[in-house]
Amino acid sequence: MTDLDAATLRAAYDAQLRTVDPDVPGVTFEVDGPVHRGYGSPGGGFVVYRDLGGLAGADLDALIARQRDFFAARGEAVEWKLHAHDEPADLGTRLEAHGFVPQERETVVIGAIAPLAAALPVPPPGVRLREVSERADLDRIARLEAAVWGDDRGWIADMLADEIAGHPAAITVVVAEDEQTNEMVSAGWIRFVPGTAFATLWGGSTLAAYRGRGIYRALVAHRARLADANGYTLLQVDASDDSRPILERLGFVAVTTTTPYVYHP
């Protein structure tokens, strides 16, 4: 499917990506009514669902409280990702009332892979792209992410290592490096979602001194070509306000927004 109508793309996103892969390395899933909760991931727990099946009022409050209490007992942070088109409309308010704190909103954008794979963006002179899987490189990615965002991102190396070990064909990690200094200046990864039309893009953080030179666009194009070679037709990204304009210029379409609500025990 390559129809770039936002409503059609959003329906495909809900049907194909808002589901659970029970075989995520290191993660255990449990079902509680309309939601699945996953725990044991290096990055913390999460709550996922396609929709809440009309749950509202006291029943919805009880569902939210059960997720909070489950992860509180484990001493594990948990993310409940709220989409703008989720119902009921007061879900965000109810999450906050139970101790979940909203984080920065992102925009879900989707693009057709074929034109993205044919796009010309290549790294600027002096920068190379390289596919990596060794632990030393994954640790370098974690340090890069920490430098960009100013917090500890060691869990990223653990998460990527687990995924590469468990399902090496389902993920590819790509880094951008300064050819003169060998410094890693940007990194991103692509996940291939089995049984769907979608591959998904993650990461893309770039050191401040290297922004505005086309490195992010080159990483997108490189990963789009990987997806095209693997037979996927749609590419999805949870885009920050910084990356959304770049992706829209490349042909991505905004279909909804998503706000992570996080509870820290």
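Select Pro121 to begin, which lies in the loop between α4 (113-117) and β7 (127-132), where helices (H or I, at least four residues) and strands (E, at least two) are DSSP runs numbered from the N terminus. The model is a predicted one, in which local features need pLDDT of at least 70 and side-chain atom pairs count only at pLDDT 80 or more, whereas totals for chains, interfaces and linings use all residues. Residues are numbered from 1 along each chain as its sequence is written, and side-chain values use heavy atoms, with hydrogens and water left out.

Next, select strand β12 (residues 253-263), which is largely enclosed by the rest of the structure because ten of its eleven residues are buried, that is, under 20% relative accessible area, taken with a 1.4 Å probe and protein chains only.

Then bring in the strands that pair with β12, a pair requiring that DSSP finds at least two bridges between two strands. Strand β4 (residues 78-83) runs antiparallel to β12 and is joined to it by six bridges, with His83 having Thr258 as its bridge partner. Strand β5 (residues 101-102) is also antiparallel to β12, through two bridges, and there Pro102 is partnered by Tyr261. Finally, select strand β6 (residues 106-112), which pairs with β12 in the antiparallel sense over five bridges, and look at Ile110, which stands opposite Val253.

Note on methods:
Buried < 20%, exposed > 50% of the residue type's maximum accessible area, 1.4 Å probe, protein only.
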